[in-house]
Amino acid sequence: MSVREDPEAEPVRPTAEDPLAAAGSELIGGPAGRRALLGTSWWTPVRIVAIAAIGMFALGMVQKMPCYDGGWFYGATAQYTHACYSDIPHLYNGRGFAIDLVPYFDRIPDSVSGGMQYLEYPVLTGLFMEVASWLTPHSGSIQDREQIYWLVNAGMLMICTAVIAVCVARTHRRRPWDALLVALAPAFALTATINWDLLAVALTAAALLMWSRSRPLAAGVLLGLATAAKLYPGLLLGAVLVLCLRAGRMRTFWTATGGAVAAWLVVNLPVMITTQGGGLHIREGWKTFYTFSQERPVDFGSLWLIISQRTGNPLEDVNTYGTLLMVLACIGVAALALCAPRRPRLAQLSFLVVAAFVLTNKVYSPQYVLWLIPLAALARPRWRDFLVWQACEVMYFLGIWMYLAYTGSGDQHRGLPAEGYQLAIAVHLLGTLYLCALIIRDALVPERDPVRKDGADDPGGGVLDRAPDAFVLGRARRASRYDGAALVDWGVHRE
């Protein structure tokens, strides 16, 4: 029996196939031997990955200590020079949680919010923030309460981190160690408590796990919930669409999409609809996230900011430019899915479509890297390439805070000037494009795909794994390997 056909085959050891992993393992005694007994004790790969992820998350909390002890509250630029900024403590008071306002229903006084009338986050994220406020004591100084609010949110986000690590470790049954890329990612630890993105990332990781287990309805429901927390998970349905089209499994796609739409509506409808004025109306508080996203000008971290700063043009039509580029990128991803010599894996297309959104969007907050990290670990599980990309993201993480320190220090100009920040943005863009290029190459040359080297097809593909093609375009359609919709076995078989 071949390795790929045996569901009980032992996990793939990264030290046996990844030179950088093998070299790094020397710190703990070197690569595991062929006769090593793995998974026979409490220390299973999934538990080790989860503990490593929690440990790195805790180190990220320690990195925020200079701000916790005062940087969030004293000094104009201390939270930037120490690179420990977080939205969480500032929005506790700034979005009315400190005075018990109900998100989306109660208007925030301008004296509190600085002009933002309602919470500008999707509904499920708003609920997450509200639950954390319930767990925060409503007595004591505002500084003490903001500190506790950050700690409460950090505890809840740590649970999300553990969920992400476990889901990624279980998505590819024989490759649990790939999740160490998530657990040990430096950008993950640095950005985990800046905002509330980990809620959507955890729901998305759980959706991918359910899809890998051939449970499209559960995957769709989780994607719908994730989209109710952040918009980007909805993009994964586009990847599912083209893959199901190629495999002739459109019923599966509609099952997942129906679950996603139903879950999104269940969460949003109670907040979206109001009966004020004798009829049904869309609540202003619910619309704030969407109107704010639409009206927001060119902002930090984007390609458009470089162009705007270099030319002096505010790019008032940036929504049109960004949408056009995103549409072109999605057409390219669809073409790759339908024309590649072998149907790409779901993780590959998911990374590409979310990366396209990141690259074309008019803003790139440093925590957005969290969206891509689990997808990168599943799409391209190679330590060298992953760490090259992570180094670029860490440079951007430092660059944005040093730029804000520069702009906030007045005539002293302590930090990174605009030209330096533009370079940091360019490094982030190039790092992401580098990983995209490798994933595209893996899709076009499946023999180069690390996941397929042992003869696997798409271990995270669920019903698509080893499914024959029904609809292909271009050279793939004419290739003899698809005569009779036959499946190509990549890699080698070990008897």
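## Basis

A cavity is a set of points, on a 1 Å grid over the protein atoms alone, where a 1.4 Å probe fits but cannot get out; lining residues have an atom within 4 Å of a point. The model is predicted: local features need pLDDT of at least 70, side-chain atom pairs count only at pLDDT 80 or more, and totals for chains, interfaces and linings use all residues. Residues are numbered from 1 along each chain as its sequence is written, and side-chain values use heavy atoms, with hydrogens and water left out.

## Largest cavity

Seven cavities of 30 Å³ or more are counted, a volume being the space filled by probe spheres set on grid points joined across faces, edges and corners. The largest holds about 70 Å³. Its lining comprises 13 residues, of which L208, W211, A219, L223 and V240 are the closest to its centre.

Two or more lining residues come from each of helix 12 (197-212), helix 13 (216-227), helix 14 (236-247) and helix 19 (346-360); helices are DSSP runs of H or I with at least four residues, and strands are E runs of at least two, numbered from the N terminus. Helix 13 gives the largest share, four residues. The lining has eleven nonpolar, two polar and no charged residues (nonpolar: Ala, Val, Leu, Ile, Met, Phe, Trp, Tyr, Cys and Pro; charged: Asp, Glu, Lys and Arg; polar: the others, Gly among them).

## Second largest cavity

The second largest cavity has a volume of about 50 Å³ and is lined by T171, H172, L208, L346, A347, L378, D458 and G460. Four of these lining residues are nonpolar, three polar and one charged.

How values were computed: 1 Å grid on protein atoms, 1.4 Å probe; cavity = no way out; pocket = protein on both sides within 12 Å on 5 of 7 lines; lining within 4 Å.
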